[in-house]
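Happy to walk through this one with you. Let's take the labels one at a time and see what stands behind each.

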Number of protein chains: 2
Amino acid sequence: MEDLAQEILQGKARAIARAISLAENDSQSAQEIIKKIFPYSGQSTVIGITGAPGSGKSTLVDGLIPLLRKKDNKVGVVAVDPSSPFSGGAILGDRIRMMRHSTDPQVFIRSMATRGQLGGLAKATGDAITILEAGGKDSILIETVGVGQDEVEIVKLADIIVVVLFPGTGDDIQIFKAGIMEIADVFVINKADSPDVDRIERQLKAVLELGYKEQKATPVVKTVATEDIGLEQLMSGINNVISAQKPGQRQARRKKLISSMLRDILTERIYSLIAHDVDQSLWEEWVEKVYKRQIDPYSVAEMILSRIKREPGQ
Amino acid sequence: MEDLAQEILQGKARAIARAISLAENDSQSAQEIIKKIFPYSGQSTVIGITGAPGSGKSTLVDGLIPLLRKKDNKVGVVAVDPSSPFSGGAILGDRIRMMRHSTDPQVFIRSMATRGQLGGLAKATGDAITILEAGGKDSILIETVGVGQDEVEIVKLADIIVVVLFPGTGDDIQIFKAGIMEIADVFVINKADSPDVDRIERQLKAVLELGYKEQKATPVVKTVATEDIGLEQLMSGINNVISAQKPGQRQARRKKLISSMLRDILTERIYSLIAHDVDQSLWEEWVEKVYKRQIDPYSVAEMILSRIKREPGQ
């Protein structure tokens, strides 16, 4: 583990990949590594990119990589898909497209899919960020595959959040539902060569006007990611927002993140203590008994808690 | 406590009020009471009413009470406001209006405001429902004062959920944001004497068509609660939905609720164990240290957890 931590700090891709896998599996050794490399983390710029499926986020990320590399930034990419147990199908296709960067040792690309429950993926993504930061990446792109509460938790790990919309679907309402509008630092309207682009721009402005007034000044960038159109503008949009951020602002954001990360770790640990003793069928049995009023929920909770308070293994 | 439990089962208002206060303060004795009365709970119909501030929910609730009383239903009302530490101001005004029912011993009305954190209020509301059920109320109305994630958790405690919209504000987007659309069993457009009523009805239908297709068949009732207009229709709308619910549906809903109630109790217990040892300023100190990379979050979590595992008082 000492060796692995050293290799991460040297920026070795295989060490970074292995550590992220360990974090994904929530292994004890992942925590040992994080503890060792943690002092060297916290210096990167983390860019979160979210939007409904089909918005072209992966193509955008793919197009931003060369722009970051041009400025000699080392780049880490983590694509997170909480909704599917495997990063297969269409998503795999996207990842394959990105493989054109795979010969560049300064670009690290990684998919992460669902794992466990209860904020586990957000925690694993947070660990991946720590690992990439310690591994010397200057810019870290976090891409979420879908739009939902889990994705919001994940994209909130970023210093700056890019929300991608696109014309021609009714699914943008998903974005309102998930509470994504209010966390956007930059809006992108991708697929802006569609004839429907004006309509969605009007809709976006109407929605901002109506319900998200504090977001009215948020920059809106139009792109056609597949044609490399608008990506430079998006990059400067992102950079402008970053340089406009007050130092205290970013600090407050990161501290809030640490606070929720601590809570996530605690919650996950405690639930894994519960899960250790309580399997799903036993849980359902208890629910059934409570439903039938054969036992009350407080007595069930006390039974479970009394187990937790024993040290594991005793 | 034995006496108090007995008096609740006899439906005595003062005993019910006292038990709810104990639950609100999360006292140990509240749990003892719940344990005793729990076998006698679970038989009422719980109606949840939510909507943006100003939608007239309280007036609606106030108007539904006599309709329920006409059918000789015993009625409990709990108005929950997670956003304010006190149920003061406008809300107090609403409560005072409801006091016209205060001479009826079969109507019990109670406000609950924010308390603690982390689902504490949802848990306390769940306890209040148990107490009112054991106290023999046939119908329990749960009214949330605002619209947000906490309110959604609370209104989900109900067997049937009524979502109140009203014309003339842009704030309805709050309802989409909070994930309330998808849990509605009945929509009410209150203040339907406003000239704007057709617009909001069109908007609601457009939104259902666009993003919530599975909600398309949800009944929409127009009311003017202040004039007692449409309340009978609302009552039959509610009753129709209830009688259309398959037995398994309601059972599944209640079991899901029990499961999440168990989780809430566990989470709250565990967090109170944490809070017992960790005060806010100590927490912030840790966040600061993690931010400065003086310690890593896993080590902090381990410190906190090692404290939990000691039995309290040892």
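Q: Why are H4(A) and H10(A) called roughly perpendicular to each other?
A: The axes of helix H4 (residues 57–70) of chain A and helix H10 (residues 231–244) of chain A cross at roughly 70° and come within 10 Å. Angles of 65 to 115 degrees count as roughly perpendicular, under 35 as roughly parallel, over 145 as roughly antiparallel and the rest as oblique, so H4(A) and H10(A) are roughly perpendicular. Axes here are lines fitted to C-alpha atoms, for helices over the stretch in contact, with angles from 0 to 180 degrees between N-to-C directions. Helices (H or I, at least four residues) and strands (E, at least two) are DSSP runs, numbered from the N terminus.

Q: What should I keep in mind about the model and its numbering?
A: This is a predicted model, where local features need pLDDT of at least 70 and side-chain atom pairs count only at pLDDT 80 or more, while totals for chains, interfaces and linings use all residues. Residues are numbered from 1 along each chain as its sequence is written, chains are lettered from A and ligands numbered from 1 in the order in which they are written, and side-chain values use heavy atoms, leaving out hydrogens and water.

Q: What is the handedness of the crossing where H4(A) passes H10(A)?
A: The crossing is right-handed. That word applies if the near helix is turned clockwise from the far one by less than a right angle, and left-handed if anticlockwise.

Q: Which residues of H4(A) and H10(A) meet?
A: On the H4(A) side they are A:Leu60, A:Gly63, A:Leu64, A:Leu67, A:Leu68 and A:Lys70, and on the H10(A) side A:Leu231, A:Glu232, A:Leu234, A:Met235 and A:Ile238. Contact means heavy atoms within 4.5 Å. By class, the contact of H4(A) with H10(A) has eight nonpolar, one polar and two charged residues. Ala, Val, Leu, Ile, Met, Phe, Trp, Tyr, Cys and Pro count as nonpolar, Asp, Glu, Lys and Arg as charged, and the others, Gly among them, as polar.

Q: What makes H4(B) roughly perpendicular to H10(B)?
A: In chain B, the axes of helix H4 (residues 57–70) and helix H10 (residues 231–244) come within 10 Å and cross at roughly 70°. That angle makes H4(B) roughly perpendicular to H10(B). H4(B) passes H10(B) in a right-handed crossing.

Q: Why is H2(A) called oblique to H3(A)?
A: Helix H2 (residues 13–24) and helix H3 (residues 28–37) of chain A have axes that come within 7 Å and cross at roughly 125°. That makes H2(A) oblique to H3(A). The crossing of H2(A) and H3(A) is left-handed. A:Ala19, A:Leu22 and A:Ala23 of H2(A) make the contact with A:Ser29, A:Ala30 and A:Ile33 of H3(A). By class, this contact of H2(A) with H3(A) has five nonpolar, one polar and no charged residues.

Q: Why does A:Arg293 count as buried?
A: Buried means under 20% relative accessible area, exposed over 50%, and partly exposed in between (1.4 Å probe, protein chains only). A:Arg293 has 17% relative accessibility, so A:Arg293 counts as buried. A:Arg293 is in the loop between helix H12 (280–291) and helix H13 (297–309) of chain A, and its phi is near 60°, a positive value in a residue other than glycine.

Q: Is A:Asp72 buried or exposed?
A: A:Asp72 has a relative accessible area of 59%, so A:Asp72 is exposed. A:Asp72 is found in the loop between H4 and strand E2 (75–81) of chain A, with phi near 65°, a positive value in a residue other than glycine.

Q: What makes A:Glu182 partly exposed?
A: The relative accessibility of A:Glu182 is 29%, so A:Glu182 counts as partly exposed. A:Glu182 is found in the loop between helix H8 (173–177) and strand E6 (186–189) of chain A.

Q: Which residues have the most contacts inside the largest nonpolar core?
A: They are A:Ile8, A:Ile131, B:Ile8 and B:Ile131, in a core of 134 residues. A nonpolar core is a set of buried Ala, Val, Leu, Ile, Met, Phe, Trp, Tyr and Cys residues joined through side-chain atoms within 4.5 Å. Among the residues that A:Ile131 touches are A:Ile8, A:Ile16 and A:Ala19, not counting residues up to four places away in sequence.
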